Amino acid sequence: MRRDVHVFVFVTGLLALNWPFLKIFSGHNLPVYLFAAWAAFIGIHALASFISPDG
Amino acid sequence: MFQTYELFLIILGYMLLLFLVAYYAEKKEKEGASIVSNPYVYSLSLAVYCTSWTFYGSVGKAASSGLDFLTIYTGPTLMASLWWIVLRKIVRISKKHRITTISDFIGARYGNSISLSALVAIIAVIGITPYLGLQIKAIINTFTICTGHPEGGRFTGILITFFLGLFAIMFGARRLDLSERHGGLIFAIAFESVIKLAAFLLVGAFVTYGLFNGFDDIFARISSSDFRTLLTVGGESDVSHVKWFSLTLLSMMAIMFLPRQFHVSVVENSNENHIKKAMWLFPLYLLLMNVFVLPVAFGGLLLDISPSVADSYVLILPLSHDKSLLTIIAFMGGFSAATAMIIVESLALSTMVMNSLVIPALYGLSEARSFSFIIINIKRLVILASVFSGFFFATVFGDFYSLVDMGLKSFEAVSLFALPFLAGIYWRGGTKKGAIAGLIGGFTVWLYTLIFPALMRSGMLEGSPNLNAVFHSNFLSPTALFGLHGLDKWSHSLFWSMTINCLLYFGVSLMTRQNEEETRQAIAFVEMLSPERMPAGRIQSIKEIRNLMYQYMGQEEGSRAFDRLLQSRKIDHSNVSDRQLLALRNDARKVLSGAIGSSIAALIMKDTIVLTREEQRELSDSIKNMTSSLRLSRQELSEANRQLAGLKEFSERIIESLPLGITTIDKDGRINYWNRYMEDLTGIRKDSANGADIRVLMKDIQPCFLGPDIQTGEFLCERKSSPGPESPDDQIIKIYVSPFKGYEKGYVLAFEDITEKKRLERELSQTSKHASLGRLTAGVSHEIGNPLASISSLVQELGSLRFDRTDDANFARQSYKVITGHLERIARIVRSLGDFARVGSPEKTTIDLGEVIERTIQLVKYDRKAKNIRILSDMSEGLKIKANPDQIQQVALNIMLNSMDAMGDGGELRISARRDGGQAEVTFSDNGAGIDPAIIDRIFDPFFTTKSLGKGTGLGLSICYGIINDHGGGIKVNSKKGDGTEFIIRLPLVSNGGIT
């Protein structure tokens with residue numbers, strides 16, 4: 001898997017699971033957003049692991 | 001409620017099951033059918049991260065502060081996305097260096113430092129103790145809850161702790177092999193991960209769907225309750241965004257640097273490709289593990305169970321609803337989470353303590369026969385000690401802190417390892433001193449900002465007014481260090497510990513130098529995933545320079561060159577300054593440039609060179625071979641050059657020594673070579689000739705042999721010494737023009753001065769002519785003698801006459817006529833001889849060939865042999881040729897005389913001349929003896945004769961051949977022995993415009 005892909009996924013996840021996205025989704029739906037973002041992150045990473053070549 | 005013994009039996013039964021699972025896995029591994037070495041078991045073993053903190057503490061945290069418990073799992077999820085970059089590198093380094101603990105890793109990175117390794121081990125032991133305490137506390141609490149007998153909790157705690165320690169020893173310290181992977185243990189841990197996940201999911205499902213109507217119900221109720229702030233981050237919530245980020249960061253580091261995580265993810269990794277799948281399988285496990293945390297926490301709150309026991313909601317909720325089986329399942333889930341952590345953590349800590357503290361201290365006893373026995377038993381004691389230290393922490397401080405608080409203290413402690421660890425594998429500049437300074441500084445801040453307040457809260461530090469004054473000051477308050485207010489305690493501690501850690505690590509590293517060992521290890525660690533670097537990049541010593549020269553130039557040559565450099569720089573091996581080292585390095589690069597080329601030398605000396613050791617060896621061998629080949633090639637080339645130069649000189653000498661003028665010209669007639677003879681021939685020096693147009697330079701040579709288009713062939717030219725009549729200094733030059741093969745449109749010109757040759761030919765021709773005259777002398781004298789005798793007789797008769805007598809007068813008149821006729825005949829003979837004998841001009845004029853032949857026939861009739869020979873001639877008229885008449889007559893005379901000689905006593909000589917196309921053909925045919933075929937090819941050779949000595953010179957026909965050739969004609973002979981001989985001469989006729 002390529003380094004760039006990992007770093008991209010990591011940065012995306014870091015942003016998605018921190019401020020300001022937490023502030024944007026703040027409210028009673030925040031747990032839903034957090035779990036959805038978390039699950040999506042795992043899914044994206046699993047997908048990237050399958051399709052990205054080693055590197 | 002359960003009886004104590006029942007729970008003990010359940011615990012023992014579970015541990016027996018666990019042991020059997022581990023035993024089975026080990027057995028399969030020994031049989032070569034491992035059920036451990038796969039990414040699924042690897043991922044589940046990583047879930048040892050989920051301890052009783054997760055099982056119980058997350059619910060407690062969610063019930064007290066809301067969503068921030070999630071950061072403990074989202075952090076590792078984020079970190080997992082970088083595992084292929086970071087963890088793979090750590091695994092590879094650890095495998096290569098047989099590293100089994102974090103302290104080993106950090107110590108090895110910084111020059112295999114034992115002191116640094118010991119420091120890390122001490123920090124780890126102190127830092128992890130709260131975490132172990134957390135597990136013990138959770139087990140004791142849940143055991144108490146299940147039995148309902150809080151009074152026996154301490155004894156139970158000791159007993160459980162002892163069992164856990166014993167179990168850890170059984171798994172990890174049965175034998176002494178610090179580097180061995182523990183397949184059975186890992187499989188048991190994976191098994192426990194399944195148990196705890198299943199247990200939590202069952203409890204979560206029970207609460208969510210058994211006690212409530214699903215997620216929506218719970219969330220709707222909590223949203224409308226006083227606990228709604230638990231659903232938010234920032235604002236009214238207790239969880240600020242800073243805290244969220246800090247906890248995320250802490251957990252990211254914890255998943256990497258907790259000793260047990262290092263153990264399962266690095267030491268127990270059997271295949272680095274397992275990391276690929278674990279990168280999303282492990283986060284998926286964490287996600288599932290947390291799905292029901294909020295429902296359980298909110299369920300407990302909504303059911304009015306005290307938030308103070310929220311850590312135990314997972315157990316209390318089924319228990320309070322008389323769900324004994326589910327309670328036991330929940331208990332065993334929590335127990336499995338705690339035991340997994342305790343077993344692996346105590347094993348990891350014991351290995352760390354053994355490797356970094358005990359074994360270095362006992363190194364002097366390594367020769368003792370019972371050393372292994374001592375070591376294994378010390379390790380067992382260390383395991384027990386670490387487990388009981390956790391128990392001590394739980395019993396002393398446990399009442400003051402939640403499970404999460406205790407766990408986060410450990411997270412903060414291990415986060416100190418992140419900098420020397422990560423910087424150590426990505427930055428070569430970090431030094432041992434920097435790492436030690438950073439760790440001590442960070443650890444001090446950790447103690448001061450997190451542990452001291454805990455001690456104060458527990459009352460252990462109360463009673464000291466001075467200490468209280470310091471702790472409560474604005475500047476040195478542990479919770480607001482240097483007046484930094486507004487941060488939660490985790491962010492506060494993390495900020496200061498990391499700041500101090502970073503400042504000291506980088507500051508000290510930049511101000512101190514690595515020793516050789518540190519440099520080597522730094523390169524080895526940093527470049528692990530890259531192809532390995534050669535040490536040349538950071539040449540730190542004179543030895544490395546010498547080794548490089550040996551490596552690329554060979555031992556002998558490299559040694560000589562290196563010694564020369566040292567002498568020229570006056571460098572002493574034992575005391576080399578940086579400046580000298582730099583100069584020596586530059587010198588070495590220059591020397592290597594000379595041997596292997598500047599590019600390769602620069603590459604070798606360059607910092608960024610990236611070559612594997614295999615490639616380095618191959619490159620070294622290749623360069624040596626190339627150097628050797630080049631050296632050989634240079635020698636061969638030098639030899640070839642020398643030979644070529646010799647050959648060139650030899651060739652030039654030949655050309656310069658030739659009695660022949662040689663010049664070469666290009667297609668435009670420009671001279672590019674001019675030999676010495678040309679200088680002598682023309683009087684033009686080489687310097688003046690080179691580059692000049694040959695047509696201009698040779699304009700005094702006539703006729704001009706070079707027209708606008710250069711023609712190849714032979715040219716006979718004359719170079720007059722002065723204008724006007726012929727001079728002895730005039731030169732006759734024969735010029736050969738031929739294409740210069742191998743050169744485009746070039747020509748080679750050879751100039752032959754044949755002046756002397758022509759002079760000799762003329763003399764020879766004259767001599768031959770005289771010889772012919774001599775042969776005619778007898779006949780001529782006879783021809784002259786007869787008329788003279790007649791004249792003499794008549795003169796005598798005339799003297800006695802009387803001129804008054806008529807008869808006498810008539811006789812006198814008749815005699816006068818006769819005498820006059822004789823005198824005319826004599827005069828004609830003398831004139832013809834004189835014409836033949838005189839030295840004529842070499843110039844060619846237009847002559848009538850028939851007349852010349854007829855005149856020669858008359859001359860040859862004087863030969864005495866001519867009396868018996870009938871000469872028949874048949875001359876066509878108007879056969880004009882451009883020739884020298886004397887030479888043509890000489891040719892004809894020689895051939896006719898030879899024919900007469902061949903006919904001996906008599907015969908017939910037929911001479912004819914006729915036109916044949918553009919040529920005149922003269923045939924001399926006799927019926928003499930003929931020529932022997934054996935010698936017919938040699939008759940034109942000079943000095944070849946068949947006549948007896950003194951009767952012939954052998955030059956006659958040779959001269960004839962030369963003359964005819966010189967006139968552009970040809971001569972051939974047909975003869976048959978006994979049947980006569982025929983000579984045929986062909987000469988070009990002159991047309992109106994010149995020679996045809």
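Here are a few questions and answers about the aromatic rings and the chain contact in this predicted model.

User: How many aromatic pairs are there over all chains?
Analyst: Rings of Phe, Tyr and Trp (its six-membered ring) pair if their centres lie within 6.5 Å, with planes under 30 degrees apart called stacked, over 60 edge-to-face and the rest tilted. B:Phe495 and B:Trp496 make an edge-to-face pair, with 5.0 Å centre to centre and 70° between the planes. Over all chains, the count is 37.

User: Which ring does the charged end of B:Lys89 sit over?
Analyst: The rule asks for NZ of Lys or CZ of Arg within 6 Å of the ring centre and within 35 degrees of the ring normal. B:Arg88 lies over the face of B:Trp84, 4.4 Å from the ring centre. For B:Lys89, at 4.2 Å from the centre, the ring is that of B:Tyr426.

User: How many salt bridges cross the interface of chain A and chain B?
Analyst: A salt bridge needs a side-chain nitrogen of Lys or Arg within 4 Å of a carboxyl oxygen of Asp or Glu. Contact (heavy atoms within 4.5 Å) takes 30 residues from chain A and 33 residues from chain B. The number of salt bridges found across this interface is 0.

Conventions:
Residues numbered from 1 in each chain as written. Chains lettered and ligands numbered in written order. Predicted model: local features only at pLDDT ≥ 70, side-chain atom pairs only at ≥ 80, totals over all residues. Heavy atoms only, no water.
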